[in-house]
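Please keep the structure in view while working through the numbered points.

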Amino acid sequence: MTSSTLTKPSHPSTPPRSPKPAKPDLTFKQKLARFDYRVSPYLYIAPFFILFALIGIFPIAYTLNVSLYDWHLLKGQGDFVGLNNYVEVLSDPFFWNAFRNTISIFLLSAIPQLIIATGLAALLDQALRGKTFWRMSILLPYIVAPVAVAVIFAQIFNQYHGPVAGLLEAFGLEPIRWAFDVLPSHFAIASMVNWRWTGYNALILLAAMQAIPRDVYESAALDGANKIRRFWSITVPMIRPTLIFVVITSTIGGLQIFTEPKLFDGRTNGGSDRQFQTIVLYLYELAFPRRDFGRASATAWILFLIIILAGLINFAITRAIRTADAKPVPIASGPAAAQRAKGAAS
Amino acid sequence: MKTSRRKIAASVAGVATLALLATGCAASGSSDGGDGGKVTLSITTFGTMGVDANYKKYMEENPNVTIEATNLEGGGAARDDAYAKIAAGTGLSDIVAIEEGWLGTIAEVSDSFVDLRDYGIEDEKDTWLDWKYAQGTDADGRVIGAGLDIGPQGLCYRGDLFEAAGLPSERTAVADYFGGEDATWDRFFEVGQEYKDKSGKAFYHSPRFFWNSFVNQQEEGYYKKDGETLNIEDNDVLKDQFVKIVDAEKAGLGAGLPGWDVGPEAKEGKYAVYMCPSWMLGIVQGYYDEGTTDSGWDFADVLPGGSANWGGAFLGVSESSEHKKEAAKLALWLAAPEQQAASFELAGPYPSTVEGQKLVADTKSAFFNDAPIGEIFAARSEGVIAQVKGPEDSNIQDNVFGPIFDRVSQGEITDGETAWKEAMKLLDQIVG
């Protein structure tokens, strides 16, 4: 169109450059740049998605396939049984026992963990001497392999020889059957989880706290808010997205707990009477000692769905909180407010 | 801003690529090929088998062979490991030690292991005890496991504690006190009660171990002879003994200890007897410093209810091995009488070959108060019944009776009838 000189131009006042960018005009370098601009980002993220498809999606789909068959661990695929494996798992009292144990251990670990992690982060957010030292120290438990943690804690909570038993004895208290009674065993396992993850979560929350502009605190302080008030009215609301992230990751981790209960009493799969058998341990028992891969796979899918459900509940709560959050928070006017506005602008 | 994002993207991509490379490498395996040249053979064993010195010897005699050995802590771990690798179709070591308790399950997929007849095991068939050789043979007559050790059981007892309680403490006197060749379980409980009355302490570790001995003493154990039909529910012989055990627990004869072996309590005198299969000797010893001779532990030629065998291993060569011939050669060498004898001297697993047993006939154990263990085990292995094991045998042992006995030991169930009912319920849930 632009190259035509003989035909009557439809618009005599056509500007020298057409609004539509003409493709042939681009040089190779420009094309490359365009290609780079449009495609490169996908290429950069592609390895993750390729890996994810390979080690994430494929196993999930394959597990679904296995769960629909009678599938012996060693002998392999048997007859197609539809949803029968799911029915069997859901009607198995051991599954519900494992479900209760998992939720109980999760609650016993997640709640204290979040509270302590937030508190620790708030402490570390203060002006301390040797910041890095303190921060590194709380991360230390995270570096220790979970297997080692489990072995050590199994010793600590040994009903007969453990230091906790010794302490109880010293105070003249009845020994606690850590590996035999339901609640003490859950407590012991939750303490392993807490020991390992509290510092880690505290660091994530600390990062969120550090991102809060300092002048917000200053203005609040000028307005007479004390430390506790500042913590509850500034820190907590402003780290809420991070808190939610921590909640979600610990939910996912908590529902999949395996190593700690497995090694708490290594010869059983979660206690001699399944006192602390979690869903993943139940799955493990089905898959290995009992060699029923079909039912184990069905359990894996049920767990997957439970986690998705938990995620959705988390998401719903998050949205509810965000809506509530959208209301403007009344802030005192005056120099402090001006200061704050200035801070926000910069 | 833009550059930093790119940098992140690039590093993420880089890390991902590295991960891909790493997984790729892991999948490709690590055995060096080459005929006649250097060969690396992997072997997975468990517990205290006393084979390390044999590996060393073999490598000295065969400089082209390197042995990569993995030893897992217990039979249960070895079982799960083997199952997972058979299921995955890859990853089994060239040579795998298989425990008697789960050999039945492995036999269901016996094509994962080579037929050792192809490598000349038949020529040496007569070396093994007949029943041991037969156990390693599957339903089609393929020999998938070369017998390594057997587990005849004798009585480990604390001579010092017996003496303190006013019981005989010298080993032949102890054997006679329990009834010698006619020792019965009833007498065992009687002696236990006497010990408890005199010392105020528990007599035995926990019931699951001698329950196991008892089951192994029967013509037919958890399964009928066909290896398929369960033999528990209406089995009055098992039930009677079970109820007696519950009563003994109620009387406080058991120390109610957890764990699958003697445990650190062996040292503390929390109990005084243990039905020791040969391979348990090394484990008891393992809780003490090397060279200990004053532990108080002794070993008597007696077992309530007659002879019993508990466990014993086989060596199989995996079908996925790249060096089947070399691996079979090593497996058969390790299972040969001389090497079996060497393992026995070192860690206690008793030879499954006649010749091997002769070689160790004069062996004494300094740890067990100089007990003539070679002689005692030879006597203890007479009359052992080679019981047919079914596919769920070790599962029933570990996950049905194990938990029930734990509950009984902890005082949760005190009535034999109720405990048996609970056990049957559990059996039904787990195996049914």
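1. Helices, as the term is used here, are DSSP runs of H or I with at least four residues, numbered from the N terminus. In this predicted model, L107(A) lies in one such run, helix α3 of chain A, which covers residues 93-124. Is L107(A) buried or partly exposed? A residue counts as buried if 20 or more other C-beta atoms lie within 10 Å of its own, and as exposed if 12 or fewer do. L107(A) has 13 other C-beta atoms within 10 Å, and it is therefore partly exposed. Although L107(A) and T251(A) are 144 residues apart in sequence, their C-alpha atoms are 9.2 Å apart in space.

2. L255(A) belongs to helix α10 of chain A, residues 240-255. This residue counts as buried because it has 20 C-beta neighbours inside 10 Å. Neighbours within four places in sequence aside, the contacts of L255(A) are T102(A), F106(A), L303(A), I306(A), I307(A) and A310(A). By way of another pair, L255(A) and I204(A) are 51 residues apart along the chain, and 21 Å separates their C-alpha atoms.

3. Chain A as a whole may be summarised next. Its secondary structure consists of 14 helices and two strands. Of its 346 residues, 28% are buried. When contacts between residues at least 6 apart in sequence are considered, 68% of them join residues at least 24 apart.

4. The strands of chain A deserve a separate remark. Strand β1 (residues 69-72) and strand β2 (residues 76-80) of chain A run antiparallel and are joined by three bridges. A hairpin of three residues leads from β1(A) to β2(A).

5. Chain B contains an open sheet of three strands, with antiparallel pairing and the order β7-β6-β8. Its edge strands are β7 (273-277) and β8 (297-300) of chain B, each of which pairs on one side only. On average, neighbouring strands of this sheet are turned by 35° against each other, direction ignored. Four bridges connect β6 (residues 153-158) of chain B with β8(B) in the antiparallel sense, and C156(B) stands opposite F299(B) in β8(B). Helix α16 of chain B, residues 373-380, packs on the sheet and touches β6 and β8 of chain B. The direction of α16(B) makes about 135° with that of β6(B).

6. What span should helix α18 of chain B have at 1.5 Å a residue? This helix covers residues 416-430, and its 15 residues should span 21 Å; its end C-alpha atoms are 21 Å apart, which agrees. The buried residues of α18(B) are A419(B), W420(B), A423(B), L426(B) and L427(B). Seen down the axis of α18(B), these buried residues fall within an arc of 125°, so they line one face of the helix. E417(B), T418(B) and D428(B), on the other side of α18(B), are exposed. The buried residues of α18(B) pack against α10 (236-250) and α17 (393-409) of chain B.

7. Helix α10(B) can be read in a similar manner. It has 15 residues and reaches 21 Å from its first C-alpha to its last, close to the 21 Å expected at 1.5 Å a residue. Its buried residues are L238(B), Q241(B), F242(B), I245(B), V246(B), A248(B) and E249(B). They cover an arc of only 160° around the axis, which puts them on the same side of α10(B). Against which helices do the buried residues of α10(B) pack? They pack against α8 (185-199), α9 (207-217), α17 and α18 of chain B. After α10(B) comes G252(B), whose phi is positive, near 80°.

8. Finally, the nonpolar cores should be examined. The largest nonpolar core has 82 residues, of which L283(A), I95(B), L315(B) and A331(B) touch the most other members. Helix α12 of chain A, residues 279-287, supplies the largest share of this core, eight residues. Leaving out residues up to four places away in sequence, L315(B) touches I95(B), A97(B), G145(B), A146(B), L148(B), A331(B), L334(B) and A335(B). A second, separate core of 81 residues includes C276(B), L281(B), A300(B) and I373(B).

Terms used. Residues numbered from 1 in each chain as written. Chains lettered and ligands numbered in written order. Predicted model: local features only at pLDDT ≥ 70, side-chain atom pairs only at ≥ 80, totals over all residues. Contact = placed C-beta atoms within 7 Å. Pairing = 2+ DSSP bridges. Axes fitted to C-alpha atoms, helices over the stretch in contact; angles between N-to-C directions. Expected span 1.5 Å × (residues − 1). Arc of directions from axis to C-beta. Core = buried A, V, L, I, M, F, W, Y, C linked by C-beta atoms within 7 Å.
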